[in-house]
Amino acid sequence: MTTARILIADDQPDVLDALRLLLKSEGYASVGFTAPAPALEAVKRERFDAALIDLNYARDTTSGQEGLELLAQLKRLAPDLPVVVMTAWGTIDIAVQAMRAGAGDFIEKPWDNRRLASVLRSQIELGRARREKARLAGENALLRESEDAGLEGEDFIAESPAMAQVMQMLRRVAPSDANVLILGENGSGKGVIARCLHRLSRRADKPLIKVNMGGIAETVFESEMFGHVKGAFTDAKGDRIGRFELADGGTLFLDEIANIPPSQQPKLLRVLEDGELERLGSSRTLKTDVRLVSATNADLAAEVAKGMFRADLMFRLNTVEIRLPSLRERREDIAPMARAFLARSARRYARQGLAFAPSALAALERHSWPGNVRELSHMIERAVLMAAGDRIEHFDFSLQPPMPLAPVASAAQTLEQAEQAMVRNALDQCGGNIQKTAELLGLSRAALYRRLEKFGIDT
């Protein structure tokens, strides 16, 4: 984490020097100004983690109005910038005005070094937490606009009988705080269900934090999930907020939950049982209130039987279990989904007026869709780009028959040998392409990498 930069504004040079020395001893970088105008110019040019400003300058020495004006302008320029105000003429009225104008805290001169450092540390951490939440919200928004957004960017379409039970469970479960486990193949829409659960819950106005458990290395699991304090390990240059704290009051969505390393599962279980956690390197216990939604394409019961997943953790996760059918099990939804994806891609690529030829829709409904809704979305987007006229024909999809896995097992093989042979066979058929191999085998990339390492297969 980079060194925090603090802006200081005070009309007395000796005060600026004293504050610079204090902040340097606390590990902060600082820039000082003796008047409001240059401080405002600096905020326009640079990013600061906090501001420490005096309330009285040259215009007068006691009213605090010049400082309050500076505070208001700082909040207009940088709404997320934590500001701490200080003055030698502190009154309750001034403090109230400053807090109402957006100040994070109030310090009286002469200050206590420990209190001032503690206040700044808290404000910097709070500011970083807010920016992290905003960043994650931005990532989710970008995700909905990305090429994978076909799965998540449209309103959920569920007109088929196979989805009736799913929708019924959604309406019943969403208002509760029950933990939910969503099961389904890759690309079937598990993320959409998680967002629906959050949007229909009593936590809808709180954050929804998504974590891809397959993308977190075992060595940083605790730091990512529970946070850490400065000095907890070599590169811990400052405190970090974990995902549980970011989701406090809201929903935490753990995608690819089966990929949690066995060594980290007890730590997650403890938080789910007690609602308590400690940041890495800290002995201070924090309370957390999150609603947990998990998703996986794996058979957790089978993982438990193999000793790869804790049974008690599985029972904590699946208070309610929702199985999401594959797209081939809900063919009535293919045509309306295709039309929704067509409308979106046509707007994106300025191809309004495009429509499906009857033969195109028939081809879509016949296809086996091993990649489910995500595959459908990508195929429609590609067809919008490739269509020569104002109608999308069946040949614009370039549909290929599903690639069968050749039989690889024999009675003389153990289960592990058969699995190894199947992985090697799939790699050969996919030309060594990891993503295609994972999709062919119905695995996540992380799960496939684990098997490659287990069997000593070099790609």
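**Group meeting: cores, a patch and salt bridges**

I will start with S188, which sits in the loop between β6 and α8 (190–199); helices (H or I, at least four residues) and strands (E, at least two) are DSSP runs, numbered from the N terminus. This is a predicted model, where local features need pLDDT of at least 70, side-chain atom pairs count only at pLDDT 80 or more, and totals for chains, interfaces and linings use all residues. Residues are numbered from 1 along each chain as its sequence is written, and side-chain values use heavy atoms, with hydrogens and water left out.

Back to the serine. S188 has 1% relative accessibility and counts as buried. Buried here is under 20% relative accessible area, exposed is over 50%, and partly exposed is in between, with a 1.4 Å probe and protein chains only. A polar atom of the S188 side chain lies 2.6 Å from the backbone oxygen of E185.

A salt bridge means a side-chain nitrogen of Lys or Arg within 4 Å of a carboxyl oxygen of Asp or Glu. Both ends are partly exposed, R328 at 34% relative accessible area and E185 at 28%.

By that rule, the count is 28 salt bridges. Take D333 and R330, whose side chains meet at 2.8 Å, N to O. Are these two buried or exposed? D333 is buried, at 0% relative accessible area, and R330 is buried, also at 0%.

Another pair is E276 and K287, at 3.6 Å, N to O. E276 is in strand β11 (residues 276–278) and K287 is in strand β12 (residues 285–287), 11 residues apart. E276 is partly exposed at 24%, while K287 is exposed at 59%. Salt bridges with shared partners join R270, D274, E276, E278 and K287 into one network.

Now the whole chain. The protein has 19 helices and 16 strands. Of its 459 residues, 46% count as buried. Among contacts with a separation of 6 or more, 70% are between residues 24 or more positions apart; contact means heavy atoms within 4.5 Å.

Next, the interior. In soluble globular proteins, nonpolar side chains tend to be buried together. A nonpolar core is a set of buried Ala, Val, Leu, Ile, Met, Phe, Trp, Tyr and Cys residues joined through side-chain atoms within 4.5 Å. The largest one has 32 residues, and M213, M225, F244, L252, L254 and I257 touch the most other members. Elements supplying at least two residues each include β6 (180–183), β10 (251–255) and α11 (265–274). Which helix gives the most to this core? That is α11, with four residues.

What does I257 contact, leaving aside its neighbours within four places in sequence? The list is L181, M213, L268, S294, A295, T296, F309 and L317. Apart from this core lies another, of 25 residues, including A360, W369, V384 and F397.

The protein exposes about 22500 Å², of which carbon and sulfur atoms supply 52%; areas come from the Shrake-Rupley method with a 1.4 Å probe. Y349, L385 and M386 make a nonpolar surface patch of about 310 Å². Patch residues have over 30% relative accessible area and no salt bridge; like charges are joined within 9 Å, and nonpolar side chains (Val, Leu, Ile, Met, Phe, Trp, Tyr) within 5 Å. L385 is in helix α16 (residues 372–386).

Key
Polar contact = N/O pair within 3.5 Å; in protein donor to acceptor, adjacent residues only side chain to side chain.
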